[in-house]
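Here is a short report on one protein model. Have the sequence and the 3D view open as you read.

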Amino acid sequence: MKPSYLTDSALEAFIQAAFNEDIGPGDYSSLSAFSPDTQGRARLLIKGEGILAGVELAERIFKTFDPRLEVTLFKKDGDPVKFGDIGLEVKGPAASILSSERLVLNCMQRMSGIATKTHLLTQKILHTKARLMDTRKTTPNFRLMEKWAVLIGGGVNHRFALYDMIMLKDNHIDFAGGIKNAIRNTQKYLLDHQLDLKIEVETRNLEEVNEVLEVGGVDYIMLDNMDYDTMRKAVELIDGKMSIEASGGITEETLADVAECGVDFISMGALTHSVSSLDISLKAY
């Protein structure tokens with residue numbers, strides 16, 4: 001089952017905007033180099049090792065640009081791949097293949113890089129109950145694909161945007177005059193506006209954890225930049241009353257130690273803001 005943000009309209013809007021950016025009034029290189037009747041075929045070549053992502057999107061991109069293109073999939077989203085593997089084959093009007101090539105590659109290379117990194121990190125915490133989660137630290141206008149890639153890699157999506165969940169972070173709390181004010185103001189706002197949204201509160205120390213517990217009515221509590229000992233004490237204090245997310249400065253080296261503190265989720269902005277793309281190319285043959 002796809003997440004709610006992967007709607008047909010959202011995907012269509014992304015693809016059309018990307019084509020408008022890349023092609024504009026026309027792909028004059030392809031239009032001028034050969035006859036519009038020229039037929040061709042090309043293969044998606046994998047030139048690295050990792051987890052493939054964006055296959056379903058690639059087929060949709062090709063078909064959106066030109067329904068005459070025939071796409072044969074040899075790999076699916078989430079498949080492990082290695083150098084020399086073939087992801088798909090596309091056949092049809094040669095100009096249409098080349099006009100849509102770059103959008104397909106840009107999406108698949110980055111999505112596969114994210115899925116690969118997510119998969120690598122999730123393997124490090126399989127012995128715990130913790131799940132690896134993304135953040136809103138995404139590329140503008142590409143969040144849809146980056147969060148989709150996290151899912152393909154075995155991670156969990158946090159809120160998609162500012163409108164589908166409440167997260168009271170340090171700045172919200174400071175502007176509100178403290179945790180209790182921020183929570184109570186939020187609860188009143190949701191009630192007044194008849195909004196059914198989950199609430200998460202960021203905490204920086206055990207005193208703040210206790211403040212959240214005193215007010216209650218919160219779904220998630222974030223433990224931000226806490227050391228392992230403090231984190232374990234916070235987990236004991238919370239005692240299952242709400243889900244716990246660990247965040248802040250967590251690296252590949254410290255990930256397992258954080259998970260072993262007993263948290264439910266670990267969020268890492270690095271899943272989407274600092275990954276290396278998987279090397280993939282499309283070659284005519």
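## Basis

This is a predicted model: local features need pLDDT of at least 70, side-chain atom pairs count only at pLDDT 80 or more, and totals for chains, interfaces and linings use all residues. Residues are numbered from 1 along each chain as its sequence is written, and side-chain values use heavy atoms, without hydrogens or water.

## The sheet

Four strands form an open sheet in the order 3-5-1-12, with antiparallel pairing. Strands are DSSP runs of E, at least two residues; helices are runs of H or I, at least four; both are numbered from the N terminus. Pairing takes at least two DSSP bridges between two strands. Strand 3 (70-73) and strand 12 (280-284) are the edges. From one strand to the next, the twist averages 20 degrees.

Strand 1 (residues 39-46) and strand 5 (residues 86-93) share six bridges. Arg43 has Glu89 in strand 5 as its bridge partner.

## Thr118

Thr118 lies in helix 4. Thr118 is buried, at 0% relative accessible area; buried means under 20%, with a 1.4 Å probe and protein chains only. The Thr118 side chain reaches the backbone oxygen of Ile114 at 2.8 Å.

Notes:
Axes are lines fitted to C-alpha atoms, for helices over the stretch in contact, and angles run from 0 to 180 degrees between N-to-C directions. Buried means under 20% relative accessible area, exposed over 50%, partly exposed in between (1.4 Å probe, protein chains only). A polar contact is a pair of N or O atoms within 3.5 Å; within protein, one must be able to donate a hydrogen and the other to accept it, and residues adjacent in sequence count only if both atoms are side-chain atoms.
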